[in-house]
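Subject: Structure handover

Hello,

Here is the structure I said I would pass on. My notes on it follow below.

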Amino acid sequence: MKLKYLFNDKHFYSQMLKIALPVTAQNLVLASLNLVDTIMIGGIGEAAIAGVGLANQYYFLLNLLLFGIISGSSIFTAQFWGTKDIKNIRKVLGVSIISGGMAALLFSVAAFLFPEKILGIFSKDPEVIQLGTQYLMIVLFSYVVTAFSFAYSFNLRSTGDAKTPLLVSVIALGTNTVLNYLLINGRFGFPRMGVSGAAAATLIARVLELVMLLWIVYSNHGVLAASIKEMTDVSADFVKQFFKVTIPVILNESAWALGVTMYSIVFARMGTDVLASSNITGTIDRIMWVVFMGFGSACSVMLGNKIGSGDEDQVFIYAKRFAIIGPIIGMLIGIIVAFISPWLLMPYNVSALVLDYARLNIIVLCIFLWVKVFNFINVVGILRSGGDTTFCLMLDMGGVWLVGVPLVFVGGLVWHLPIYYVYALMHIEEIMKLIVGIPRLVSKKWINNLTTTMGK
């Protein structure tokens with residue numbers, strides 16, 4: 001394919017920006033406010049950052065499980081939207097809400113009954129566990145609410161509406177930051193609640209987010225304004241086909257999340273300074289990823305719509321465009337972030353050692369960023385859009401468990417390397433996934449029209 005043909009398509013870029021820009025803006029707001037929240041919590045001390053980080057690591061497991069369930073459902077929604085099949089879109093929404101809600105409820109109950117034991121998996125520091133428990137015992141009540149919000153937000157994007165989730169997130173996250181300011185340190189007559197205040201702010205913001213989503217969807221009588229009967233009127237065959245595609249995504253995200261959790265366990269056992277630096281690095285990393293989250297969403301929706309409409313030639317053209325543009329932007333952003341990293345770390349009130357670790361970690365992330373971007377777009381945006389979820393499962397599991405986790409454990413706990421070298425070892429898995437993933441993309445075996453096989 002000639003480069004001119006690859007890039008000269010106004011309709012493609014118009015559709016891409018329509019979806020990618022709102023998702024990018026939403027994730028930018030989320031990452032920026034998380035950065036502000038981390039700085040506010042950091043004012044209490046390094047143990048507070050580490051404790052909230054541990055509690056959020058538990059939520060991270062739930063978050064990726066929900067991402068697996070809901071993004072699995074959005075594969076169907078995108079393809080059904082290609083044929084404007086609203087009836088089946090509403091069925092998919094119902095199955096995703098029930099599945100996600102049950103998963104969130106299990107996480108909430110476990111956190112309520114065994115908070116210290118859960119956090120003790122990640123750290124042995126009593127102060128860190130105690131502060132993390134304070135945070136977890138409040139924020140756990142937001143988990144089911146978050147599952148419902150995920151279902152509506154992801155499926156709205158799959159129907160081309162990325163603006164509504166953006167609007168709702170900006171308001172909810174802005175509320176979260178304001179409440180953090182008021183409750184963490186007790187401003188304007190509010191009680192000084194420390195990490196409990198941060199948790200209360202998060203809970204209130206997530207409830208507000210769901211209320212606004214439901215109000216907008218149902219007051220406008222949109223595609224997702226489904227009744228309970230419409231969401232639950234599903235056959236056994238429909239549910240079977242749903243989980244046939246979705247379960248590999250759930251297993252993929254769960255296995256990957258567990259692998260990332262193994263990384264956090266290693267970092268925690270390398271010391272509180274290392275754990276604090278990795279939490280700071282993670283916040284910066286999320287800011288770097290805001291653009292690519294938008295790209296991934298646009299890729300998944302656009303390819304899914306095209307597959308559903310039966311235009312397979314255009315599907316492959318779109319896939320190649322995303323696979324080339326993403327890594328190029330990844331290289332540019334990596335260079336910029338590496339250069340400005342000292343300034344990004346200036347607001348943090350932590351030791352010089354923690355800052356030095358975080359700066360070097362960021363350099364490593366920037367070096368590997370373009371490879372991570374390709375893998376993300378290939379797995380989440382391209383291969384999954386065609387229902388090739390089993391291959392994605394094997395690719396991600398192989399990368400994390402056969403390459404990443406062994407190298408990190410050996411590097412951190414056997415060789416006792418500095419954290420930035422361990423970060424470099426962690427990213428070797430991305431090289432493996434790149435080598436294996438490219439031939440799969442080129443083969444076109446991932447293009448499957450699920451609307452022709454889905455039970456009615």
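Helices here are DSSP runs of H or I with at least four residues, numbered from the N terminus. By that count L167 belongs to helix α8, residues 163-184. Please keep in mind that this is a predicted model.

Exposed and partly exposed leucines

With a relative accessible area of 47%, L167 is partly exposed. L106 is placed in helix α4. Because its relative accessibility is 61% and exposed means over 50%, L106 counts as exposed. Between the C-alpha atoms of L106 and I333 there are 39 Å, with 227 residues separating them along the chain.

In soluble globular proteins, nonpolar side chains tend to be buried together. The largest nonpolar core in this model has 143 residues, and the members that touch the most others are Y143, L303, F322, I382 and W446. Helix α3 supplies the largest share of this core, 21 residues. Setting aside residues up to four places away in sequence, Y143 touches Y58, Y59, L62, A104, F107, S108, L136 and R206. There is also a second, separate core of five residues, with L179, L182, L183 and A200 among them.

Helix α6 runs over residues 126-139, which is 14 residues. From its first C-alpha to its last it reaches 20 Å, close to the 20 Å expected at 1.5 Å a residue. Its buried residues are V128, I129, L131, G132, T133, Y135, L136 and V139. The cover over these buried residues includes α3 (46-82), α4 (86-113), α5 (115-120), α7 (143-158) and α9 (195-219).

Helix α12 covers residues 272-288. Its 17 residues should span 24 Å at 1.5 Å a residue, and its end C-alpha atoms are 24 Å apart, so the two values agree. Of those 17 residues, 13 are buried, and α12 is therefore mostly covered.

Aromatic rings and charges

How many aromatic pairs does the structure hold? The number is 18. One of them joins F12 and Y13, edge-to-face, with 4.8 Å from centre to centre and 90° between the planes. F12 is at 0% relative accessibility, so F12 counts as buried. Another pair is Y420 with Y421, which is tilted: the centres are 5.0 Å apart and the planes stand at 50°. Y420, at 22% relative accessibility, counts as partly exposed. Y421 is also partly exposed, at 47%.

F12 and Y13 belong to one aromatic cluster together with F295, Y318 and F322. F322 is also among the residues named above for touching the most other members of the largest core.

Two arginines lie over rings. R321 is over the face of F12, 5.0 Å from the ring centre. The charged end of R206 sits over the ring of Y59, at 4.4 Å from its centre. R206 and Y59 are both on the list of residues that Y143 touches.

H416 lies in the loop between α16 (389-414) and α17 (419-426). Its phi is near 55°, a positive value in a residue other than glycine. H416 is exposed, with a relative accessible area of 60%.

H427 is in the loop between α17 and α18. Is H427 buried or exposed? At 2% relative accessibility, H427 counts as buried, because the limit for that is under 20%. The side chain of H427 reaches the backbone oxygen of Y423 at 2.8 Å. Leaving out neighbours within four places in sequence, H427 contacts V364, L365, F368 and K372.

K444 lies in the segment after α18, which covers residues 428-443. K444 is not a glycine, yet it has a positive phi of about 70°. At 41% relative accessibility, K444 counts as partly exposed.

Regards

Notes: Residues are numbered from 1 along each chain as its sequence is written. This is a predicted model: local features need pLDDT of at least 70, side-chain atom pairs count only at pLDDT 80 or more; totals for chains, interfaces and linings use all residues. Side-chain values use heavy atoms; hydrogens and water are left out. Rings of Phe, Tyr and Trp (its six-membered ring) pair if their centres lie within 6.5 Å; planes under 30 degrees apart count as stacked, over 60 as edge-to-face and the rest as tilted. Buried means under 20% relative accessible area, exposed over 50%, partly exposed in between (1.4 Å probe, protein chains only). A charge sits over a ring if NZ of Lys or CZ of Arg is within 6 Å of the ring centre and within 35 degrees of the ring normal. Helices (H or I, at least four residues) and strands (E, at least two) are DSSP runs, numbered from the N terminus. The expected span of a helix is 1.5 Å times one less than its number of residues. Contact means heavy atoms within 4.5 Å. A nonpolar core is a set of buried Ala, Val, Leu, Ile, Met, Phe, Trp, Tyr and Cys residues joined through side-chain atoms within 4.5 Å. A polar contact is a pair of N or O atoms within 3.5 Å; within protein, one must be able to donate a hydrogen and the other to accept it, and residues adjacent in sequence count only if both atoms are side-chain atoms.
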